[in-house]
Amino acid sequence: MMIGRVAALAALMLVTAQANAEQVGARAKGGFAESFFMEKVPRAEANATAEKLARAVMAARMIIFAYAGKIVDPALGDKGLSGAALESQWRSAVEADLIDASPNQKKIFEKLFWAGRQVMDNNQERINTKGVGWKNFLPAKWEREMGQVFAARTGIIIKQPGRAYRSPMNAPDDTERAALEHYVKAGHGENKPLTSFAKWGKQEVYRHMEPIRLIPACLGCHGKPKGEPDMLGFEKDGLEAGDLIGVMSVTVGVSD
């Protein structure tokens, strides 16, 4: 009887060890093939490229935020925020930041503007629907979709991993989670980007992360009281304006 119990326990331990070694649902080890990174930058340009991309995406988010009142107005049809309208305002907002851009960076930014315009055009029917208040369209939604379109064309990955993410696309990897923890512990005064070089498979990449902090307009979903359902059905986070809600994560392939 004792031998049988010992054998059963050993079998259970073996199954547990195998399960831990091959966790179901875990991210695959390794990285993307080098061919995924259609656009790469020289090592010397990696930092500036990532910084410019992060600032540009944040600028676009603020433009979309400015239209929030119109977007949720059920009596209003055309909101005046077509892909072309966004692109025009967006180019003006980042013009000064691109004065010193290299030819390679300018090429990348043309693809960024293209991706942002495409996503906004794809959502026109949604945001211009009359008779509906909440359209399920926020700057964060635009950014998620834009990031996918932009990555498909360039291989440059732009994400917004969340402190308590709501979309699976915003699930942080280990490096992004460490950045989130750093900014939460450091408090409101820490806004310096966290950067590093890393290897994804055989491809070297440059990683840039900076905090995304709550603005008052976001408190309806992420503010107080903590745990109360917001308008989308998620539990509120109990945060205040200025608190960390996520990080802007940019990953760029390095060519040398």
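Strands β4 (residues 203-213) and β5 (residues 244-254) pair in the antiparallel sense over nine bridges; strands are DSSP runs of E of at least two residues, helices are runs of H or I of at least four, and both are numbered from the N terminus. Two strands count as paired if DSSP finds at least two bridges between them. Within this pairing, Glu210 has Met248 in β5 as its bridge partner. The model is predicted, so that local features need pLDDT of at least 70 and side-chain atom pairs pLDDT 80 or more, whereas totals for chains, interfaces and linings use all residues. Residues are numbered from 1 along each chain as its sequence is written, and side-chain values use heavy atoms, without hydrogens or water.

Strand β4 also pairs with β3 (residues 194-200), antiparallel, through seven bridges. Ala198 lies opposite Val205 of β4. Two residues separate β3 and β4 in a hairpin, and Gly201 in the turn has a positive phi of about 65°. Eleven of the eleven residues of β4 are buried, that is, under 20% relative accessible area with a 1.4 Å probe, protein chains only.

The largest nonpolar core has 43 residues, and Val250 is among those with the most contacts inside it, as are Leu53 and Trp90. Such a core is a set of buried Ala, Val, Leu, Ile, Met, Phe, Trp, Tyr and Cys residues joined through side-chain atoms within 4.5 Å. Helix α2 (43-66) gives the largest share, ten residues. Not counting residues up to four places away in sequence, Val250 touches residues including Leu53, Ile157 and Tyr206, with contact meaning heavy atoms within 4.5 Å. A second, separate core of six residues includes Met209 and Val247.

Conventions: Buried means under 20% relative accessible area, exposed over 50%, partly exposed in between (1.4 Å probe, protein chains only).
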